[in-house]
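Please open the model in your viewer and keep the selection tool at hand. The tour below goes from stop to stop, saying what to select next and what is there.

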Amino acid sequence: MFDIRLVSKAALADARFGQSGAIGPKGPGVVLSALPETSLLSLLAAPDAVALLERLAALATHEQAQLRSAGYAQWLLIGAVGTSLDLVAIEAALGRDAALVDLGHARVRISIAGPSAADALAKGCAIDLDPEAFPPGRSAQTLLGHIGVHLTRIGPEAFELIVMRSFALNLWQDLLVLSRAFGVDARAATDL
């Protein structure tokens, strides 16, 4: 019989951090950050759910949680750092109008920001990242290279990527390569 020890390890524990690439006099064009792990729920609305978005918006305040569209009648609810979402309370608030799945341990969030962040992402993503076509607050499920990601523009020069945990390290390495021409500062979650 095998004796197996389970070891808890951050998905990006083995990622390469620090500055690299063509950093200009104004600093790196891209800042890549491993975001702290938080609560993350997937919500799927029932076909006849009425006014569910209003109830979801009430649950998602910027202090407690943020809501991201994840497709037709689907959302991601992301808990604030250092807090955990109360699954029982959320289920009670939504009733039978939505199904919930806890993805907190299955997904990793990565931030890519800076004046060249959109240019770096555009090298591997087919979405038009012009601010008029993809403004702050907009989300999309897409491919970055060969890896499926949930992409959200969180600011004029800032994006959040949510990726399956098993692909996080490969995505990080791809983002480093895509950002190299602009200069990149890659930061661990503890550097934030």
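Begin by selecting Phe-17, which is partly exposed with a relative accessible area of 32%; buried stands for under 20% relative accessible area, exposed for over 50%, and partly exposed for what is in between, with a 1.4 Å probe and protein chains only. This is a predicted model, in which local features need pLDDT of at least 70 and side-chain atom pairs count only at pLDDT 80 or more, while totals for chains, interfaces and linings use all residues. Residues are numbered from 1 along each chain as its sequence is written, and side-chain values use heavy atoms, with hydrogens and water left out.

Phe-17 and Trp-172 form an edge-to-face aromatic pair, with 5.4 Å from centre to centre and 65° between the planes. For such a pair, the ring centres of Phe, Tyr and Trp (its six-membered ring) must lie within 6.5 Å, and planes under 30 degrees apart count as stacked, over 60 as edge-to-face and the rest as tilted. The structure holds one aromatic pair. Phe-17 lies in the segment before β1 (18-20) and Trp-172 in helix α4, so the pair ties together parts that are 155 residues apart in sequence.

Next, show the whole protein as a cartoon, where there are four helices and 11 strands; these are DSSP runs numbered from the N terminus, with at least four residues of H or I for a helix and at least two of E for a strand. The radius of gyration is 18 Å, close to the 16 Å that the globule rule gives for 192 residues, so the protein is as compact as a globular protein of that length; the radius is taken over C-alpha atoms, and the rule is 2.2 Å times the number of residues to the power 0.38. Along the principal axes, the C-alpha atoms fill a box of roughly 60 × 55 × 30 Å. Of the 192 residues, 41% count as buried.

Which residues have the most contacts inside the largest nonpolar core? Select Ile-112 and Leu-161, which hold that place in a core of 32 residues; a nonpolar core is a set of buried Ala, Val, Leu, Ile, Met, Phe, Trp, Tyr and Cys residues joined through side-chain atoms within 4.5 Å. Among the elements that give two or more residues to this core are β2 (30-34), β7 (107-113), β10 (158-164) and α4 (168-179). Helix α4 gives the most to this core, with six residues. Apart from it lies another core, of 13 residues, among them Leu-52, Leu-85, Ile-90 and Leu-100.

Return to Ile-112 and display what surrounds it: leaving aside its neighbours within four places in sequence, Ile-112 is in contact (heavy atoms within 4.5 Å) with residues including Val-30, Leu-32, Leu-121, Phe-159, Leu-161 and Leu-175.

Select β10 next, a strand that is mostly covered, since six of its seven residues are buried. β7 and β10 pair in the antiparallel sense over seven bridges, where two strands pair if DSSP finds at least two bridges between them. The bridge partner of Val-108 in β10 is Val-163. β9 and β10 also run antiparallel, joined by six bridges, and they form a hairpin with two residues between them. Thr-152 has Glu-160 as its bridge partner in β10.

Move on to β5, which is mostly covered, with five of its six residues buried. β4 and β5 pair in the antiparallel sense over six bridges, and Gln-66 has Ile-78 as its bridge partner in β5. β3 (residues 40-45) and β5 pair in the antiparallel sense over five bridges, with Leu-40 opposite Ile-78.

Phi of Ala-73 is near 60°, a positive value in a residue other than glycine. Most residues other than glycine have a negative phi. Is Ala-73 buried or partly exposed? Ala-73 is partly exposed, with a relative accessible area of 22%.
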